[in-house]
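Here is a friendly briefing to read alongside the model. Please keep the structure open while you go through the points.

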Amino acid sequence: MACGGVVALDWPLSVDDETHKYRERTPEMLEKTRNLDKDFEPHRKSIPSQTPKIDGVLEEHYKTLPEDAPTLVLMSGIAGGSHDKYLKHMLRRAVMKGYRVVAFNARGTSESPLMTPQFYSASFTGDTRAVMKEMKRRFPNAPLFAVGWSLGANILTNTLGEDGEDALVDAACSMCNPFDLNRCDENLQKGFWGKLYSKSMANNMRKLFEPHKHLFQGLREYEPALVRKARTVRDFDEAITRVTFGFSSVDAYYEASGSKRKIVDVRVPLLCVQAKDDPIASIEAIPREAIASNEHVILLETESGGHLGWTAGAEAPWGAPWPDQVAMEFFEVHALEWKTKRGANTTRATISKAPAEVTA
């Protein structure tokens, strides 16, 4: 990133029993590595840069897909990443459909390094936009889709709303979007499940923060004691998030960051899937009027499912939940529409370039 920050992109090369194809110690993999790195030694002690090798393996892998195979970016919830089961379910389904899939790990998550005194936040869309630009650079002749869960859904929706007609994403899906963060914060402070979730997420955020706490020394309003005492999501946001992003209070941060403010400006197809019994992203937080006024947004509500706890579906209870199938069908429709439009544009361009007939 321009500011020196780092996000991590995890690319699956295979699913199920095909992983042996990409294990480095197979003869085929060793040969690929030798071709990419002429100085390769199987047992050397130094650790060279892995980027050229990884890029080479990815390039070889994606040659097996057509250039217009859809690209799908997956965005986890708070403190989540490519290790999350719900993300892996969608990843597997999309890979089996022939998609290029990438898990977007926000700063400091999934063991990615934190290089600056800034995590991610519900309102910061810069990293998301940078990732989408990179996907378009790598795969310019393919449609770009994205899925976000929970906080990732909020960030994705904010990005789409801010970009409007200029959005790089061709279609997106939002699952269990909190929308109104102040309302959802109230839910986290009451009831068994809200308190349990908040305590668990705060614990995860403190773990992510601990290895990088030296970076935050000297920041205005930063108090290390508040981080150590943080026992809820609100506590952590008060101690770190609102400080690093310059908000006067945690309530001001929540009010400015909820995607309820931006969804009216979304100009690409967006499917929002919510559960009516979600104890965190409650139905009261859904901006129904804004959604109803936007022809680009579809709201789909299920009777049950909790917060990312859907189990119904052909693969239930251990496999992918039912909304994953709906999301993939949504993307398949828009992939077909994208290819149809691209074919029509190519035809028009060809006709316009044809020499005019000259009559003697």
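**Briefing**

Ser150 sits in the loop that joins strand E4 (144–149) to H5; helices (H or I, at least four residues) and strands (E, at least two) are DSSP runs, numbered from the N terminus. This is a predicted model, in which local features need pLDDT of at least 70 and side-chain atom pairs count only at pLDDT 80 or more, while totals for chains, interfaces and linings use all residues. Residues are numbered from 1 along each chain as its sequence is written, and side-chain values use heavy atoms, with hydrogens and water left out.

**Overall build**

- The protein has 12 helices and seven strands.
- Of its 360 residues, 48% count as buried (buried means under 20% relative accessible area, exposed over 50%, and partly exposed in between, with a 1.4 Å probe and protein chains only).
- Among contacts with a separation of 6 or more, 77% come from residues 24 or more positions apart (contact means heavy atoms within 4.5 Å).

- Most residues other than glycine have a negative phi.
- Ser150 has a phi near 55°, a positive value in a residue other than glycine, and Ser150 is buried at 6% relative accessibility.
- Phe179 has a positive phi too, near 60°; Phe179 lies in the loop between strand E5 (171–175) and helix H6 (181–188) and is buried, with a relative accessible area of 0%.

**How H4 meets H5**

- Helix H4 (residues 126–138) packs against helix H5 (residues 151–163) at an angle of about 75°, with their axes 9 Å apart (axes are lines fitted to C-alpha atoms, for helices over the stretch in contact, and angles run from 0 to 180 degrees between N-to-C directions).
- H4 and H5 are therefore roughly perpendicular (65 to 115 degrees; under 35 counts as roughly parallel, over 145 as roughly antiparallel and the rest as oblique).
- From H4, Thr128, Arg129 and Met132 meet Ile155, Leu156, Thr159, Glu162 and Asp163 of H5.
- The residues of this contact divide into three nonpolar, two polar and three charged (Ala, Val, Leu, Ile, Met, Phe, Trp, Tyr, Cys and Pro count as nonpolar, Asp, Glu, Lys and Arg as charged, and the others, Gly among them, as polar).

**Salt bridges**

- The whole structure holds 19 salt bridges (a side-chain nitrogen of Lys or Arg within 4 Å of a carboxyl oxygen of Asp or Glu).
- Arg129, Glu162, Asp163 and Lys262 are linked in a network of them.
- Arg242 and Glu221 pair up at 2.8 Å, N to O. This pair links distant parts of the chain, 21 residues apart: Arg242 is in helix H9 (residues 233–244), and Glu221 is in the loop between helix H7 (192–209) and helix H8 (224–229).
- Arg242 is buried at 8% relative accessibility, whereas Glu221 is partly exposed at 45%.
- Lys213 bridges to Glu210, with the closest N and O atoms 2.8 Å apart; Lys213 is partly exposed at 37%, and Glu210 is partly exposed at 42%.

**Nonpolar cores**

- The largest nonpolar core has 61 residues, and those with the most contacts inside it include Val73, Phe119 and Ile240 (such a core is a set of buried Ala, Val, Leu, Ile, Met, Phe, Trp, Tyr and Cys residues joined through side-chain atoms within 4.5 Å).
- H9 supplies the largest share of this core, five residues.
- Leaving aside residues up to four places away in sequence, Ile240 touches Phe119, Phe209, Phe216, Tyr222 and Val227.
- A second, separate core of 27 residues includes Met90, Ala103, Trp149 and Ala171.
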